[in-house]
Amino acid sequence: MTEVSENRQFCTDVMKTAAEGLNYGLIYVQEDGSIGEYSPLAKEMMGVTLPEGESHPAGELTGGDIVVFLDNDLGNDDKMTPEDLKALNIHSREIKPGSVVLAIGVFNNKKIQPIYKSFSDYIPDNRIELSHRYLGFSIEAVIDFENRRMSVILNGKEYYMNYLESIGYMVVIDGLTGNVKFFQSKGYGYRGEEAGELLRGKKFAGKNVPGQIHELLPTVGMKADMILDGDVFLKTLEKLMESEDGTHLEGVYEIYRRMVYCHLVRIKKECPYDGVYVFVQDNEVAENTARQTNPLTAEVEKRAKKKTYLPDEEGAAAFEGFIGNSPAMEKVKQLAYKASKTKFNVIITGESGTGKSKLARQIHNSSNPKAPFVEVVCNAIAPSLIESELFGYAPRAFTGADPGGRIGYFEKANGGTIFLDEIGEIPLEIQVKLLHVLQNKRIYRVGSTTPVDVDVRVITATNRDLEEEVKQGRFRQDLYYRINVFPIHIPALRERKRDLYILANSVLEDLCRKYDMEMKQFSEEALDVISGYDWPGNVRELENIIERAITVCDGRIVYSENLMIRPEAGVNSTLKERLEADERKIIEDTLFKNNDDRKKTMDELGLSRTVFYEKLKKYEISK
């Protein structure tokens, strides 16, 4: 080795050690455009090397092989088309580019029927699975949208792969031996082993075969544009090569369809170690070493937000204001969009403050924005007045009535939507009349026998468990079935904490704009507190706390102290403090549900009178 090459090697070794100490991989591109260094961590991130473990030799699919295939976005990252699925004897017009597919079939065998599921514009759950005893093999295929993970379990043994945006995942059982012949793994883009290519006859490389080099593709010495496939990244690399010493760029790039965060630095000192140093980090490392505000995770969430599975741009725009891109919220948006295209009765359930009223209005605006939308908060109307408020009254129907009579909310909503919030609070005697209105689309004003026909779409909402209310005799079963045609449940904020970062920042931005204040931002510590808090009041509480925080915040940065959230509920609480906070909340919630009936609450929680009152005193719980 010459002195020049020794100096270059020494420099790259130092850079590589420093980078990997910070959990970054290093790719060094020399002045001639060739790879001078590709660190082990970078190779692992990009899938150039595989971790020790499962193995299989090189080969190709042959007739009779059993193929298990999963895809969360057919055609996006797998070079697949619906036509390719015919190799598994799957002929379905419902499967289109972009569909979610889970399939088990026999390769190139038209006699054996496949087992499969497919979804186009609506995903029914955060986790979908296909489980079957197929040709003697116990096979379970699962797509976990919440954790972005695909797995195949064969006779109790799991093969899995995590993904960021989309993936086509395949496991193949040899039709002759019954052994696993092929399994997809990170780096399949490097190897040209996309599922579609393999189904069309392309050969695949071996993995972890004894006596063979585990590196799937040579790197050092090869031209960067042959190794680092990705148009935007290569253009950025080319731009940096033409730049001055010390120029640096950073961003999220796709390299062989894997999203990685890259920090590129140009060194140009007329010396042996000139070139571009690319420090890379993938999301698996980023999530373990940094907060959710790191650029790669933010880009992943941004892309996830775009991928809402709403079938068109109009539908996506209609629910853009309902912030949240967690799988739970995507499901809410999917259902809301479906509901907006029908005239079925919709019931929205969820805890107080989750945004039921906002979602009801967006469903209406998506379907019939020019028609009237009438919102009725049922528990804000005195029980003696609710009938006349809903249905109106005839002239001189009762003492104090308007001599000319008055139309009710149903007539005001004619041709549009009436939203009955807190419907569980309506008295039983009014429930009977409401049932007849929903059945017949006809009302009678109080004091009148003349029917009035109304064409109204009914959306209801409640934070009560109506099934339990029916069992207790406080809500009519027939009315419950009538309003529960199209249920949509909005999860509590604590159940979708992935949405907190984007939601909190959106609320902060809206409030600063509303009050014409200088735009503020959260400190890292404040975001940690927001992420760690359980938000019993949900989005409404989040909005109130942020509004209070920007009022008391004198500068541009909102600190954790400005939030004024109880310390025992924060992320730095001890286990004992968190358990006590949970216990207090359970007692408060149960008391609220039971209308402050303490004996009923004691019985429900299984507490003796002495213990119960000790806890009320300890947690300073009053009415």
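This is a predicted model: local features need pLDDT of at least 70, side-chain atom pairs count only at pLDDT 80 or more; totals for chains, interfaces and linings use all residues.
This report describes the folding elements of one protein model, sheet by sheet and helix by helix.

Residues are numbered from 1 along each chain as its sequence is written, and side-chain values use heavy atoms, with hydrogens and water left out.

## Overall composition

The secondary structure comes to 23 helices and 23 strands, where helices (H or I, at least four residues) and strands (E, at least two) are DSSP runs numbered from the N terminus. Of the 623 residues in the protein, 48% are buried; buried means under 20% relative accessible area, exposed over 50%, and partly exposed in between, with a 1.4 Å probe and protein chains only. Among the contacts with a separation of 6 or more, 63% involve residues 24 or more positions apart, a contact being heavy atoms within 4.5 Å.

Five strands form an open sheet in the order β2-β1-β14-β13-β12, with antiparallel pairing; two strands pair if DSSP finds at least two bridges between them. Because β2 (35-38) and β12 (248-255) stand at the edges with a single partner strand each, one side of each is left without a neighbour in the sheet. Neighbouring strands are turned by 25° against each other on average, direction ignored, where axes are lines fitted to C-alpha atoms, for helices over the stretch in contact, and angles run from 0 to 180 degrees between N-to-C directions. Between β12 and β13 (residues 258-267) there are 8 bridges, and within this pair E254 stands opposite M259 in β13.

Helix α6 (residues 231-241) packs on this sheet, touching β1 (25-30), β12, β13 and β14 (275-282), and the direction of α6 makes about 5° with that of β13. The buried residues of α6 are F233, T236, L237, L240 and M241. Seen down the axis of α6, these buried residues fall within an arc of 140°, taken from the directions from the helix axis to the C-beta atoms, so they line one face of the helix. An α-helix has 3.6 residues a turn, so residues three or four places apart point the same way. On the other side of α6, D231, V232, K235, E238 and K239 are exposed. The cover over the buried residues of α6 includes α5 (224-227) as well as β1, β12, β13 and β14.

Strand β7 (residues 137-144) is mostly covered, with 6 of its 8 residues buried.

| Pair | Sense | Bridges | Opposite residues |
|---|---|---|---|
| β6 (residues 127-134) and β7 | antiparallel | 8 bridges | S131 and E140 |

In the hairpin of β7 and β8, which has 4 residues between the strands, R148 in the turn has a positive phi of about 50°. Most residues other than glycine have a negative phi. N155, which is not a glycine, has a positive phi of about 45° and lies in the loop between β8 and β9 (157-162).

## The parallel sheet

A second open sheet has 5 strands in the order β16-β17-β20-β15-β21, paired in parallel. Here β16 (373-377) and β21 (486-489) stand at the edges, each with a single partner strand, so one side of each lacks a neighbour in the sheet. The twist averages 15° from one strand to the next. Strand β15 (residues 346-349) is joined to β21 by 4 bridges, with T349 opposite H489 in β21. Helix α10 (residues 327-340) lies across β15, β20 (457-462) and β21, running at about 150° to β21.

## Helices α22 and α23

The axes of α22 (residues 598-605) and α23 (residues 609-618) come within 10 Å and cross at roughly 110°. That makes α22 roughly perpendicular to α23, a label that covers 65 to 115 degrees, whereas angles under 35 count as roughly parallel, over 145 as roughly antiparallel and the rest as oblique. R598, T601 and M602 of α22 meet R609, F612, Y613 and L616 of α23 in this contact. In the segment after α23, E620 has a positive phi near 55° and is exposed, with a relative accessible area of 68%.
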